[in-house]
Amino acid sequence: MEFLNVCIAQLNFKVGDVEENTQKILEAWRSQDEKAHVVVFPELALSGYPPQDLLLDRGFLKACMEGLERIIKFSEGLNSLAVIGTPYYEQDLYNSLVLIRKGEVLGVYHKTFLPNYSVFDEKRYFRGGKRPLMACINGVKVGFSICEDIWHPDGWERYYALCDAQVLININASPYYAGKYHFKEHFLRSRAQDNIAYVVYTNLVGAQDELVFDGRSLIIDPEGKLFFRAEAFEESLKTVSIPLSKVRAKRLMDLRLREKEVECGPCIDISDSRSLEYIEPQRAENPEGEEEVYRALVLGLKDYVSKNHFEKVVLGLSGGIDSSLVACLAVDALGKEKVVGVFMPSPYTSEESKKYVLELSKNLGIELLTYPIDKVFESYKETLDSAELSVAEENLQARIRANILFYLSNKHGWLVLSTSNKSESAVGYTTIYGDMAGGFAPIKDVYKTLVYKLARFRNSLKPDIPEGIFHRPPTAELRPNQTDQDSLPPYPVLDQILSLHIEEGYSLEEIIERGFERELVKRVFDMLKKAEYKRKQAPVGIKVSKRAFGMDWRMPISSGRYYEGI
């Protein structure tokens, strides 16, 4: 065979909806059967990813096995081979891929390396596999693995190459964070070069709770060059022809695979006598920087709303940069008719804020509700016999606003979007049960400095955010002439310190050595520690950094003096 036609089914599956996922697999497979020798689906496509404790429910596991049986039966009328990611119970539970063709299961591979770090806890659910799996399709040897397996240099890929596999297929559900794609492509290039084989990397796309899966499935050729790339943050169902002559030619000239011998196990023989058309590869554009992050946030918000069956979202609009960005994200994810803004002025709200809220909502074309909180605020103060303006009275305003938003949520079934960012959440500059409250927090993992960059990017597409918002000092307007910098270091400095510690793991002393003032760093560390109890009660939000508050961040609330120097 001069080429192998491989379909990469980069699709968006729903966790727990085995019936819909099964139907999606069947429709995708049928649509590509006449073009492809092999149709490859992502990791745990049948269950959706990550299924978490659903995997401890025997009824759910039974549903997955029944879905698999339905796929096997359906395959009787097809000619191609399908690679299906699924939970698989075989005396124990495995994260597996199943090879199905013409009404039969030809082979099952169990994931070998189970990640148990960051957002992953697969050892809680699965047993690791011990055996490789190879198929020989019309004389072309293909080796199979799942996600983490290919990240390990001592994974099965070398074994497959030494056993003359020319194509290495790896199925994935690899969560997104900014900058990860370039690292991923780089090491996949190394795997292809080292093993003198094509690497077919099929990734999941979509979002589940705080995780986004960016797609961007890849095929890398034996020289380590990009051969094919699917779209970012979109579904893609494409068949591409892999020319095998490059592997043969490269292996004749490169002697590395001759230096070591292994005892090769069985190879499943598959004969496909069809004459298929050669299909040229495409290389979809690769978004970077603010565009990449913005698209991840849009997808995360869109899927959270749709997969949880909300009809509309509601958010407070203050005339500031955070709520303006969240409003734009919501419109871009859901459409303007599904977004409701609420303006809740207090005695300390400026005319400037009112002007910006009206302008933003008009530009976006969203419904705007206005509920002044003056009377409610005064009623509280009278009831509590309060004549001063302390932090308690400031936070009371934020909590009144939260009550109004959740009233609207209860009344109409809308999802409340929190507009808190990562900088505020990190240091506790946010009111628990107030502006921090919500059903979902789209910019929870976005530092304030990045909020401005994302807003600038969004305005480059369509200038909906009033220009004045970019230039006014950040303020909660909970007292006269208040600004964020009354209580916090400048955001460019604060965000650098937070990022060095949270994402990069630098200690207090290591950050000081980089030129930051000792007392300032100690103060930031202290605020970070004291705000832990608030973060434990924050709504779920979209992960876009290497380490987000949520599944990535598992700090105890009461931890003593766990930061050195405090």
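**Strands, salt bridges and a loop**

Author: Strand 4 and strand 5 form a hairpin with two residues between them. In the turn, Lys-102 has a positive phi of about 50°. This is a predicted model: local features need pLDDT of at least 70, side-chain atom pairs count only at pLDDT 80 or more, and totals for chains, interfaces and linings use all residues. Residues are numbered from 1 along each chain as its sequence is written, and side-chain values use heavy atoms, with hydrogens and water left out.

Reader: What counts as a strand, and when do two strands pair?
Author: Strands (E, at least two residues) and helices (H or I, at least four) are DSSP runs, numbered from the N terminus. Two strands pair if DSSP finds at least two bridges between them.

Reader: How many bridges join strand 4 and strand 5?
Author: Six, in the antiparallel sense. Strand 5 covers residues 104-110. Arg-101 has Glu-104 in strand 5 as its bridge partner.

Reader: And how many bridges between strand 3 and strand 4?
Author: Eight, again antiparallel. Strand 3 spans residues 81-89. Tyr-89 is bridged to Leu-93 in strand 4. That hairpin has three residues between the strands, and Gln-91 takes a positive phi near 70°.

Reader: Is strand 4 buried or exposed?
Author: Nine of the nine residues of strand 4 (residues 93-101) are buried, so the strand is largely enclosed by the rest of the structure. Buried means under 20% relative accessible area, exposed means over 50%, and partly exposed is in between (1.4 Å probe, protein chains only).

Reader: Which residues sit on which side of strand 4?
Author: One side has Leu-93, Asn-95, Leu-97, Leu-99 and Arg-101. The other has Tyr-94, Ser-96, Val-98 and Ile-100. In a regular strand the side chains alternate between the two faces of the sheet.

Reader: New topic. How many salt bridges are there?
Author: The whole structure has 35. A salt bridge is a side-chain nitrogen of Lys or Arg within 4 Å of a carboxyl oxygen of Asp or Glu.

Reader: What does Asp-214 pair with?
Author: Lys-184, with the closest N and O atoms 3.9 Å apart. Asp-214 lies in strand 11 (residues 211-214) and Lys-184 in helix 5 (residues 180-195), so the pair ties together parts that are 30 residues apart in sequence. Both Asp-214 and Lys-184 are buried.

Reader: Which residue bridges to Lys-543?
Author: Asp-552, at 2.4 Å between the closest N and O atoms. Lys-543 counts as buried because its relative accessibility is 3%. Asp-552 is buried too, at 9%. Elsewhere, salt bridges that share partners join Lys-184, Asp-214, Arg-216 and Glu-292 into one network.

Reader: What about Glu-223?
Author: Glu-223 forms a salt bridge with Lys-225, with the closest N and O atoms 3.2 Å apart. Glu-223 is partly exposed at 30% relative accessibility, and Lys-225 is partly exposed at 47%.

Reader: Where is Lys-336?
Author: Lys-336 is in the loop between helix 8 (321-334) and strand 17. At 46% relative accessibility, Lys-336 is partly exposed.
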